[in-house]
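Please find below a note on the model under review.

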Amino acid sequence: LMRPRRVLVVLLAFAIVFNVFVWITDSPDETNLGLMGGTERTKSPFEKMVTELSDVKGRLLPFGLWRSDFEKRTIIVGDVHACFDELMTLLNRCEYSASRGDRLIFIGDLIGKGPKPRHVLQYGFQRNATCIVGNHDLLLIEWFVTTFPLRAHKLMDPTNPANSFYFREDGNYSPTRRLGSDYLHLARSLSDDEWRFFLSCRLYMILEDRFISHKNVPS
């Protein structure tokens, strides 16, 4: 029996040859905007097939054959805003795989607006994601540090450079505005692991030659 990867290679080779032939002989029935000069070009049957397969490849190819076993990527997501279901859709489309070494970075505002903030926090903690603090996140962190300082010190990440900001002793780290009822309910319901993930958020990070932050870096 042929191995699944070898079968896939044979099928794709056949599909490429067949669709190039069809593209040459078939009359155009769909156009899309070209990448150069704004001109239009015909989308080939092969392109259509790949587009359609991309939506269902997770179900058709459970062995992960669409990616190299040695390919590790950094996936950066901004402003999730508690939209857990949409986050899962996005990561599935990106073929995110923690087991293959993909690195997941959130650029702030994990909470606020959406319906599932705790799902987002739990997912980030379980995947050991890197997080940069956003203004919505900072409201809860400041509330927690001010309201439960001993518990916050116990759960903080001692290697986080942001600790000097979160736990500054100048008396100015009280919340900048009062928490709304939704935020207050969320803050009081978070587990130690969820707070531990929150307190691991950096103010910014430098990734190779890129400076990454949410909006502006607190002074």
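**Note on the predicted model**

1. A search of the whole structure returns zero disulfides, a disulfide being a pair of cysteine sulfur atoms within 2.5 Å. Cys131 counts as buried, at 1% relative accessibility; Cys201 counts as buried, at 0%. Buried denotes under 20% relative accessible area, exposed over 50%, and partly exposed the range in between (1.4 Å probe, protein chains only).

2. On provenance, this is a predicted model, in which local features need pLDDT of at least 70 and side-chain atom pairs count only at pLDDT 80 or more, whereas totals for chains, interfaces and linings use all residues. Residues are numbered from 1 along each chain as its sequence is written, and side-chain values use heavy atoms, with hydrogens and water left out.

3. The protein chain contains nine helices and seven strands. Helices (H or I, at least four residues) and strands (E, at least two) are DSSP runs, numbered from the N terminus. Of its 219 residues, 36% count as buried. Among the contacts in the protein chain with a separation of 6 or more, 75% are accounted for by residues 24 or more positions apart; contact means heavy atoms within 4.5 Å.

4. An open sheet is formed by three strands in the order 3-4-5, with parallel pairing. Strand 3 (74–78) and strand 5 stand at the edges with a single partner strand each, so one side of each is left without a neighbour in the sheet. From one strand to the next, the twist averages 20 degrees. Two strands are taken to pair if DSSP finds at least two bridges between them. Strand 3 and strand 4 (residues 103–107) pair in the parallel sense over five bridges, and the bridge partner of Thr74 in strand 4 is Arg103.

5. Helix 5 (residues 135–147) deserves a separate entry. Its 13 residues reach 18 Å from the first C-alpha to the last, close to the 18 Å expected at 1.5 Å a residue; the expected span is 1.5 Å times one less than the number of residues. Because 10 of the 13 residues are buried, helix 5 is largely enclosed by the rest of the structure. The buried residues of helix 5 include His136, Asp137, Glu142 and Trp143. What covers the buried residues of helix 5 includes strand 5 (130–132), helix 6 (149–155), helix 7 (163–166), helix 8 (181–189) and helix 9 (192–199).

6. Helix 3 (residues 84–93) packs against helix 4 (residues 117–126) at an angle of about 40 degrees, with the axes 8 Å apart. That makes helix 3 oblique to helix 4. Phe84, Met88 and Leu91 of helix 3 make the contact with His119, Val120 and Tyr123 of helix 4. Axes are lines fitted to C-alpha atoms, for helices over the stretch in contact, and angles run from 0 to 180 degrees between N-to-C directions. Angles under 35 degrees count as roughly parallel, over 145 as roughly antiparallel, 65 to 115 as roughly perpendicular, and the rest as oblique.

7. Two backbone entries remain. Ala82, in the loop between strand 3 and helix 3, has phi near 65 degrees, a positive value in a residue other than glycine. Ala82 counts as buried at 0% relative accessibility. Asn128, found in the loop between helix 4 and strand 5, has a positive phi of about 55 degrees although it is not a glycine. Asn128 is exposed, with a relative accessible area of 68%.
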